[in-house]
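Work through the exercises below with the structure open beside you, and try each task before reading its solution.

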Amino acid sequence: MGILEKISEIEKEISRTQKNKATEYHLGLLKAKLAKYRAQLLEPSRSAGAKGEGFDVMKSGDARVALIGFPSVGKSTFLSLMTSTASEAASYEFTTLTCIPGVIEYKGANIQLLDLPGIIEGASQGKGRGRQVIAVARTADVVIMMLDATKGDVQRVLLEKELESVGIRLNVSKPNIYFKPKKGGGLSYNSTVPLTHCSEKLVQLILHEYKIFNAEVLFREDSTPDEFIDVIVGNRVYMNCVYVYNKIDQISMEEVDRLARRPHSVVISCGMKLNLDYLLERLWEYLALICIYTKKRGERPDFADGIIMRRGASVEHVCHAVHRTLASQFKYALVWGTSTKYSPQRVGLTHIMEHEDVIQIVKK
């Protein structure tokens, strides 16, 4: 029996099994086996022949955004509208056959946008070059999931399932579980909160499935067996995702209103160029980028060329972005903007910067 057959067999058994207190250990074991087989499926086979053409595009700009969706939902049209890159768009499926990069220039930042070929059902098992598409998506900072508004929620559910099965977790944070395998001493199990989903016996069974008999486990939140398995496997990618419903000009106002109110969702129309500016605003929020301007002593700030950083960046990060030796020669900095109590404020290396702050660095 091949890996694919084993996976489908386990999935069928999970759907058949009733979820209650008596079956939770059995279900936990099945989920652990399923995650193990899926990991094997993603590993390239050693007997693989000549490598085909990959999709990998060199990372450039301040952030990377991947466009994922079924064929003919408007990904290429969106790329052509947002960037100066022309991606071929036609009324038939699979117009795009490789990864086409473009650059969005917004608030002084260069955001790399990747137009990936359409995903089909079963992409996580390698159908329609699906694995290559998903491998590129794992390297992105944010995923834009393009959906056809006329198709309802069918596409969203299918795509989430495909990405889930290859270890991409959308719009969720990493489980707060401390896990460390040891050489000996058996299983040390603790929790700082009351657990309703995982018991010590279930944790032990899941670890035995992965041939781990000595480990330290500490639950800091009430996590599910699936989240615990994610921590053991350790190769999960947690990323933000914006669900973009295209072709809203073809559906009723009530349906548009319903889709727009869903969490992490934006409704647009590439054909009529509707709501694209709001999508860019939301994308900026999800990427958590800030723009910082520099100032020389006795001169006006340089508003033409800002430094793009991640939200939560300190003065030390700004020093490294300007020049790698600047932090070692740093004496103090003067900052104007929303991160200070008064302007200018004299700050040290640990001061956290905010969007559109102005900084003047004084060396020793």
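**Exercise 1.** Determine in which order the three strands of the open sheet lie, and which strands are its edges.

Solution. The order is E6-E8-E7, with mixed pairing, where two strands pair if DSSP finds at least two bridges between them, and strands (E, at least two residues) and helices (H or I, at least four) are DSSP runs numbered from the N terminus. Strand E6 (177-181) and strand E7 (187-191) are the edges, since each pairs on one side only. From one strand to the next, the twist averages 5°. Next, E7 and strand E8 (residues 215-219) pair in the parallel sense over five bridges, and Tyr189 stands opposite Val217 in E8.

This is a predicted model, in which local features need pLDDT of at least 70 and side-chain atom pairs count only at pLDDT 80 or more, while totals for chains, interfaces and linings use all residues. Residues are numbered from 1 along each chain as its sequence is written, and side-chain values use heavy atoms, leaving out hydrogens and water.

**Exercise 2.** Decide whether Cys319 is buried or exposed.

Solution. Buried means under 20% relative accessible area, exposed over 50%, and partly exposed in between (1.4 Å probe, protein chains only). Cys319 has a relative accessible area of 0%, so Cys319 is buried; Cys270, at 5% relative accessibility, therefore also counts as buried.

Terms used:
Axes are lines fitted to C-alpha atoms, for helices over the stretch in contact, and angles run from 0 to 180 degrees between N-to-C directions.
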